[in-house]
Amino acid sequence: MSLTDSTQSGASDSSETLAANTQGVFLRVQADKVDRLMDLVGELSLGVSEVIHSPDLVGLELSEFEKSAHRLRMIVREIQDTAAELRQVSVGDVFRRMRRMVRELERQTGKKIELAMVGEDTEIDKVVADRLYEPLVHVLRNSADHGLESPAERVAVGKSETGRITLTAAQLGGDIQITVADDGRGLHREKILARARERGLVGINEEPEDSSLWKVIFQPGFSTAEAVTNLSGRGVGMDVLNATMKDLRGRIAVDSKAGDGTRVNLSIPLSLAFLDSLVMRIGQRLYATPVDVVSEVFRPELGQISTVSAEHGAEMIRVREHMVPVCRLQQFYGEDCQALQPLETLVIVVFKTSFGQIGLPVDEMYDQQQVVMKPLQGQLGSIRASLGCALLGTGEIAVVLDCEELARGGRA
């Protein structure tokens with residue numbers, strides 16, 4: 001072998017060794033530095049948008065500028081996504097903390113419990129991970145105390161004496177979905193319905209569907225436990241979960257069948273710093289909503305519109321085969337509604353919520369944007385049905401609407 005071949009072989013071996021040694025290397029960085037980087041990336045995004053939408057450029061023919069601006073936007077978007085990934089941690093760190101708690105629950109309840117975990121390598125925002133532990137503790141306690149039967153009861157109904165609780169995490173689109181499922185007795189419909197009627201949450205003669213009834217377990221102070229224990233009965237567990245999920249812009253879905261167990265599904269945005277949103281205008285105000293809750297956008301025809309109550313101005317609109325309630329923000333916020341425009345002159349944005357679809361009339365639709373999210377503070381923090389505010393590239397601020405709260409208010 002020649003000297004040249006030997007040199008090339010040595011260089012190749014060295015590069016392979018270096019690549020092997022650098023695989024799996026981690027760099028420990030303080031969390032506040034990453035948060036500072038996220039803030040700067042947000043400011044960079046706003047700065048780029050301000051330049052691109054500068055009034056000084058209006059009316060100018062700048063074809064090369066448009067190409068460069070488009071490329072710059074793509075780079076900034078990639079920087080945003082990469083910066084968001086820096087704050088991602090494995091959900092397994094949260095899941096593994098549950099094992100010790102489940103062993104403690106076995107000792108306290110006298111039940112045999114198996115904890116299974118799926119998707120532990122799924123990554124979530126560290127802010128979410130830090131706040132997710134306590135709500136998950138409440139859900140697991142409910143599953144162990146209320147959901148799973150005693151070994152004798154399970155054997156009597158043909159189940160194994162060991163109850164099973166499964167923690168699952170998966171990324172679906174822009175959301176992280178975390179599911180807590182047990183194979184216990186399921187939610188007790190009659191007991192929940194009776195307690196809901198006692199508290200006035202459900203009418204005396206009302207027979208709600210299961211999907212609607214399960215929502216009452218998230219009401220403050222709601223509990224069906226006969227006695228207060230160190231595990232349950234205080235009525236604060238699921239309320240804590242509901243409040244935390246609202247703060248994280250998440251959604252909760254509960255599915256239960258008698259004898260087959262209960263599933264609690266938590267959907268949380270992948271990133272809390274940036275939001276893919278649809279921006280719209282109502283009057284002189286700008287609003288934004290997460291893109292994934294928008295079902296469709298259209299301008300209605302007169303035949304699709306109907307008024308349910310002329311006295312209260314309740315309106316419905318037909319979307320294919322379904323009647324969808326209309327929520328006017330002016331009415332929702334108790335403003336002057338004398339000059340409301342007819343629905344046929346507006347654009348209807350239909351949202352998907354856990355309460356069903358709801359239609360929001362808007363004056364004008366803007367484009368889809370990835371915006372920087374900021375919390376509303378001070379007096380603005382009390383604005384109803386708001387998740388925060390979105391900083392737009394034009395320097396304007398849009399209120400990010402909580403469609404779940406809009407739908408709940410429209411049914412109050």
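Author: In this predicted model, Glu149 forms a salt bridge with Lys159, the closest N and O atoms being 3.0 Å apart. The pair links distant parts of the chain: Glu149 lies in the loop between helix H5 (126–147) and helix H6 (151–156), while Lys159 lies in the loop between H6 and strand S4 (162–172), 10 residues apart. Side chains of opposite charge can pair when their charged atoms come close.

Glu149 has a further partner. A salt bridge also joins Glu149 to Arg154, again with 3.0 Å between the closest N and O atoms. Both Glu149 and Arg154 are buried. For Glu149 the relative accessible area is 8%; because buried means under 20%, Glu149 falls in that class. The group extends to an aspartate as well: Glu149, Arg154, Lys159 and Asp183 are linked in a network of salt bridges.

Glu207 forms a salt bridge with Arg197, and their closest N and O atoms are 3.0 Å apart. Glu207 is located in the loop between helix H7 (189–198) and helix H8 (210–213), and Arg197 belongs to helix H7, so the pair ties together parts that are 10 residues apart in sequence. With a relative accessibility of 53%, Glu207 counts as exposed, whereas Arg197, at 23%, counts as partly exposed. Glu149, by contrast, is buried.

As for the setting of these pairs, the structure holds 23 salt bridges. The chain has 412 residues, of which 40% count as buried. Its secondary structure comes to 11 helices and 18 strands. Among contacts in the chain with a separation of 6 or more, 63% are between residues 24 or more positions apart. The chain exposes about 23,100 Å², and carbon and sulfur atoms supply 51% of that area.

Note on methods
Residues numbered from 1 in each chain as written. Predicted model: local features only at pLDDT ≥ 70, side-chain atom pairs only at ≥ 80, totals over all residues. Heavy atoms only, no water. Helix = DSSP H or I, 4+ residues; strand = E, 2+ residues; numbered from the N terminus. Buried < 20%, exposed > 50% of the residue type's maximum accessible area, 1.4 Å probe, protein only. Contact = heavy atoms within 4.5 Å. Areas by Shrake-Rupley, 256 points an atom, 1.4 Å probe, with all protein chains shown as cover. Salt bridge = Lys/Arg side-chain N within 4 Å of Asp/Glu carboxyl O.
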